[in-house]
Amino acid sequence: MHRAPRLRSFIYAAAIVVIVTATSQRASAEHARKGSQSLTRQTGAAQASAFQSGASQTSATQMVTDETGRRVLVPFKVNRIVSLAPNITETIYALGLEEKLAGDTDYCDTPAAAKLKPHVGSMLNPSLEAIVALHPDLVLAAANSANRRETVDALARLGVAVYATDSRTVGGMFESIAHISSLAGAAQQGTALVTRLQARLNALQTRLAERPLIHVLFVVWEDPLITIGQNTFIADALRWSGAESVVIAKQDWPQLALEEVVRLQPEYIVFTGKHSESSGTQVSDLRSRPMWKDLRAVEVGHVVNVSEEIDRPAPGLIDAIEELAHRLHPDAFPGENTRAMNHPPAHIRVDASEENYSCAR
Amino acid sequence: MRPLTPRRIAGICGVLFALLFVVVVISLRMGTYPISVSEIVTTLFRGALGRRDEIPSEFWLVVFGLRLPRIALGILVGAALSVAGAGFQALLRNPLADPYVLGVSSGAALGAILSLTFAPHVPGVIQLAAFIGAAATIASVYFLGRRGGQLDSATLLLAGIVAASFLSAMIMFLMTTLSGHELRGMAFWLMGDLSTPPPTPNVLEWLLFLFGVFAVAAGMIYATTSDLNLILTGEEEARHLGVNVRRVKLVVYISASVLTGLAVSVSGSIGYVGLLVPHVMRMIFGTDYRLLIPTSAIGGAIAIVLADTLARTVVAPTELPVGAMTALAGAPVFIYLMRRRVR
Amino acid sequence: MSAGAGNNLSIASQPVHFRAAAPPRLKVEQASYAYSATDRSAPKFTLGPATFEAQHREIVAILGPNASGKSTLLRLLAGLIKPLSGRVEVDGVEASELDLRTRAQRIALVQQESELLFPLRVWEYVLQGRYPYGKRLRFESDEDCLLAANALAQVGADGLRDRWMDQLSGGEKQRVILARALSQQPSLLLLDEPTQHLDIGGKVELLRRLRRLADENRYTVVVVTHELNLAAESSDRIVLLHKGKCLRVGAPAEVYEREVLEEVFEAPLDVEMRPSGRPRVVVRSSH
């Protein structure tokens with residue numbers, strides 16, 4: 001081979017480097033430090049039944065149907081749970097089951113303690129190996145929202161017990177909480193939590209009874225302008241807050257032109273933002289933008305920032321719904337001194353402060 | 001004057017296979033779940049001997065359930081794309097040709113999107129639909145790319161480019177009307193993803209089927225390599241020397257398109273490999289297609305397995321899509337190649 | 001030794017042993033061709049019936065102005081197109097009816113080379129001429145290498161063996177292309193305007209080489225060329241074409257007549273006869 005001697009030697013050198021790195025033991029030490037369990041040499045027979053694909057029903061497991069219709073073999077005693085979605089993590093903490101949470105995703109940030117748990121990666125593409133390395137008895141996934149069906153199938157194929165929730169409405173969320181709590185052996189806490197949350201919602205309903213729904217534009221993304229469809233979770237949450245999207249669409253995330261919004265003239269504009277103040281959209285920002293400033297809602301300052309929890313089927317949702325209801329129907333709550341009410345009308349901004357979203361109850 | 005002999009080809013391929021084996025072992029070793037090289041070798045050994053019960057079930061799970069199928073798929077896809085790329089470069093008389101230039105991957109993506117819209121989550125449907133999309137594109141571009149009854153390189157290239165852009169536009173249209181969750185699955189698919197689970201419960205059967213298709217298509221291309229060498233010096237000249245140019249072009253077109261369709265159906269579109277691996281192999285081993293096709297196949301396999309290993313480990317536990325890795329690595333390699341063209 | 005076809009035996013000048021009548025290497029009999037823009041419109045161009053023959057060791061030069069049908073005639077000879085009427089026979093077999101490989105073993109066509117896509121060495125290029133012998137997917141044998149080396153030697157390009165094709169000069173490339181044609185071991189060697197990009201030295205050298213090849217290796221050579229004088233020097237027979245018609249066939253001295261050449265080439269030309277018996281064409285001075 002006379003052709004590219006420099007290239008050849010480069011390849012040899014690279015091969016040597018790769019081989020040397022790979023056979024070094026440094027990487028093993030890294031993983032041990034990360035907290036995932038180091039390899040133990042157990043023979044197959046002694047393994048928990050959760051890893052055996054297609055195992056027949058033994059006294060240690062039960063066959064359940066998850067919320068997407070899949071049949072899953074779940075152990076009676078669940079001690080190690082891996083959560084693949086932030087709302088599930090939040091629910092687990094709300095149920096007081098954080099001891100059983102063996103791992104969650106990089107994005108589980110509510111409550112803050114969840115960030116310290118071992119991570120398995122992103123929600124869309126978690127590392128299957130990391131999940132397996134945590135030896136979970138049960139993996140909880142939010143199919144059709146945070147997680148992909150492919151991930152669920154891949155884990156099932158490996159013999160891991162995966163239960164997929166599918167909360168499309170607020171009511172569905174209560175069911176999911178109930179299912180999760182019963183799977184994890186905390187049925188009582190689950191019932192209690194659901195009852196509490198439902199009571200708050202019912203109280204809200206009473207307050208808002210006979211009030212017309214406020215027409216809002218819920219902004220998912222500003223540029224291009226994307227809003228919500230009628231079958232989304234947010235749409236349901238809005239209804240509980242006494243509001244309704246001005247856009248009726250079958251698609252989940254319809255894109256619309258700003259002219260259309262001007263034509264529809266929503267009464268309020270709702271943005272979601274993180275908990276911190278700085279990323280909320282200010283009315284003053286909007287007043288300086290073309291087309292936006294032609295909206296009546298912007299003129300009178302009817303711009304609301306609501307927490308991201310509004311899109312999360314977890315207990316914190318109820319706080320967000322209540323917040324939003326207060327913002328949209330101030331006259332339904334006379335005399336109530338919520339922290340946001342102290343702001344003068346000129347820049348109405350609802351930002352959730354940290355304490356309001358603590359899920360540890 | 002040292003003409004190419006089968007023995008020399010076997011020798012070079014032997015070296016490359018050894019390199020591939022090393023890369024596979026390294027890839028098996030890397031990952032969130034810590035395993036050492038000796039443990040891998042023992043596991044493989046025991047697995048091969050059928051002594052399954054002696055292997056800790058996590059090993060089995062991680063090595064045979066997760067890593068090995070992925071690596072095997074990576075080998076297949078890398079080999080298929082590289083051979084297809086080499087074939088198209090000869091067919092289209094264009095060193096910039098890659099397997100996707102004739103729109104095959106766009107057709108496959110369109111098939112995949114349609115299957116996600118109408119029959120999501122049925123195992124195997126997305127691969128089948130993608131392959132049908134690829135096949136339909138292959139046929140249409142063929143009929144558009146003919147001139148005077150046979151495939152004409154320039155016309156074919158134009159037809160392919162038109163098909164690719166038309167199909168991409170349709171895909172974009174459909175993606176704006178898809179709902180959220182399917183869309184995300186599609187985005188992953190488009191970026192190139194080796195972790196798609198096989199549609200049949202038995203991974204081995206699936207892999208053997210795929211390799212079978214690969215072997216047939218690659219074999220058909222290999223049978224034309226003497227002809228291709230001549231065609232590369234000029235079609236007219238090749239005709240005068242007795243090459244059935246029309247038939248060779250048709251065989252290469254169909255086989256290379258089948259290989260591309262195969263790769264894209266199982267793993268989405270992974271870019272740069274089909275374009276660059278043949279060039280790198282040319283630089284090292286020369287332009288004789290009798291050697292280029294096998295070395296490209298093995299070289300492509302090595303490239304994808306490496307890229308996938310990096311994609312899995314670089315920001316663990318998050319996994320990057322393989323296509324992102326090949327793009328990141330591919331661009332500098334491309335620049336290097338451009339500056340080092342052997343004159 | 002006169003260049004003649006058939007059995008022109010003059011008892012007094014031939015050796016005593018009886019020589020069997022050899023069929024002509026190349027025989028063109030009333031071959032014609034036409035092509036039109038579409039299938040139904042009138043023919044755009046017709047190549048009128050042409051008749052001539054050539055034996056081994058003969059060089060035939062096809063002359064004519066541009067668009068007179070020279071390349072079409074050459075393609076007929078190569079068997080690439082089938083004559084509409086008449087026959088073109090090489091070694092007694094209709095050229096267009098030969099299968100591809102056999103045709104490539106008998107007839108070698110040298111045209112202007114297309115652009116090479118990827119770098120190639122000279123010996124690799126010449127070895128490709130051995131393609132017609134053997135299976136479709138083939139690996140060159142020692143014999144192939146020997147023949148290719150011989151071909152390179154025959155064109156005096158031994159030293160170019162390890163050079164890259166795209167680094168050759170025009171003349172060197174011409175020789176290498178010729179070597180590839182020779183390694184086909186053809187009976188009939190066809191060249192389409194091989195002197196186009198060569199300087200005068202190159203032209204002379206090429207035609208002299210062709211002459212030598214024809215003599216030594218018993219090839220039959222047909223050259224399409226513009227070079228009136230070089231053709232007159234080296235060829236045994238001239239075929240003069242004008243607007244598709246085969247005007248004259250014969251030895252240079254017979255074909256080169258002033259009136260004919262002037263009409264065909266539309267230029268003021270004079271023909272001089274040189275002592276060697278070969279004619280020379282000069283441009284008539286204006287005064």
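In chain A of this predicted model, confidence is lowest in helix α2 (residues 26–34), at a mean of 39, and highest in strand β3 (residues 81–83), at 94. The score in question is pLDDT, the predictor's confidence in each residue on a scale from 0 to 100. Over residues 22–57 of chain A the pLDDT is below 50, and beyond near neighbours in sequence this stretch has 46 contacts in the model; two residues are in contact if their C-beta atoms, placed from the backbone, lie within 7 Å. Residues 275–279 of chain A also stay under 50, and for them the model has seven contacts beyond four places in sequence. Where pLDDT is low, the predicted coordinates should not be read in detail. Chain A as a whole averages a pLDDT of 76, with 74% of the residues scoring at least 70.

Residues are numbered from 1 along each chain as its sequence is written, while chains are lettered from A and ligands numbered from 1 in the order in which they are written. Because the model is predicted, local features need pLDDT of at least 70 and side-chain atom pairs count only at pLDDT 80 or more, whereas totals for chains, interfaces and linings use all residues.

Chain A contains twelve helices and ten strands. These elements are DSSP runs numbered from the N terminus, helices being H or I over at least four residues and strands being E over at least two. Of the 361 residues in chain A, 41% are buried. A residue is buried if 20 or more other C-beta atoms, placed from the backbone, lie within 10 Å of its own, exposed if 12 or fewer do, and partly exposed in between. Among contacts in chain A between residues at least 6 apart in sequence, 61% join residues at least 24 apart.

Helix α8 (residues 233–240) of chain A illustrates burial. Seven of its eight residues are buried, so α8(A) is largely enclosed by the rest of the structure. The buried residues are A:Phe233, A:Ile234, A:Ala235, A:Asp236, A:Ala237, A:Leu238 and A:Trp240. Their cover includes the helices α6 (170–183), α7 (187–208) and α12 (316–328) of chain A, together with β7 (214–219) and β8 (243–245) of chain A. After α8(A) comes A:Gly242, with a positive phi near 80 degrees.

Most residues other than glycine have a negative phi, and most peptide bonds are trans. A cis peptide bond, with omega about -5 degrees, joins A:Thr110 and A:Pro111; A:Pro111 lies in the loop between β4 (101–103) and α4 (128–133) of chain A. A:His135 is not a glycine, yet has a positive phi of about 50 degrees. A:His135 is located in the loop between α4 and β5 (138–142) of chain A and is buried, with 20 other C-beta atoms within 10 Å. In chain C, the non-glycine residue C:Gln185 has a positive phi of about 55 degrees. The loop that holds C:Gln185 runs between α5 (170–183) and β7 (188–192) of chain C, and C:Gln185 is partly exposed, with 18 other C-beta atoms within 10 Å.

Two packed helices are described by the angle between their axes and the distance between the axes. Here axes are lines fitted to C-alpha atoms, for helices over the stretch in contact, and angles run from 0 to 180 degrees between N-to-C directions. Angles under 35 degrees count as roughly parallel, over 145 as roughly antiparallel, 65 to 115 as roughly perpendicular and the rest as oblique.

Helix α13 (residues 289–313) and helix α14 (residues 322–339) of chain B pack at about 110 degrees with their axes 8 Å apart, and α13(B) and α14(B) are therefore roughly perpendicular to each other. The residues making this contact include B:Ile304 and B:Leu310 of α13(B) and B:Val322 and B:Met325 of α14(B).

Helix α12 (residues 273–285) of chain B meets α13(B) at an angle of about 125 degrees, with their axes 9 Å apart; α12(B) and α13(B) are therefore oblique to each other. Among the residues that meet are B:Val277 and B:Phe285 in α12(B) and B:Leu292 and B:Ala303 in α13(B).

Finally, chain B touches chain C through a contact that takes 25 residues from chain B and 29 residues from chain C. On the chain B side, α9 (225–231) and α10 (235–240) are the elements that give two or more residues, and α9(B) gives the most, with five residues.
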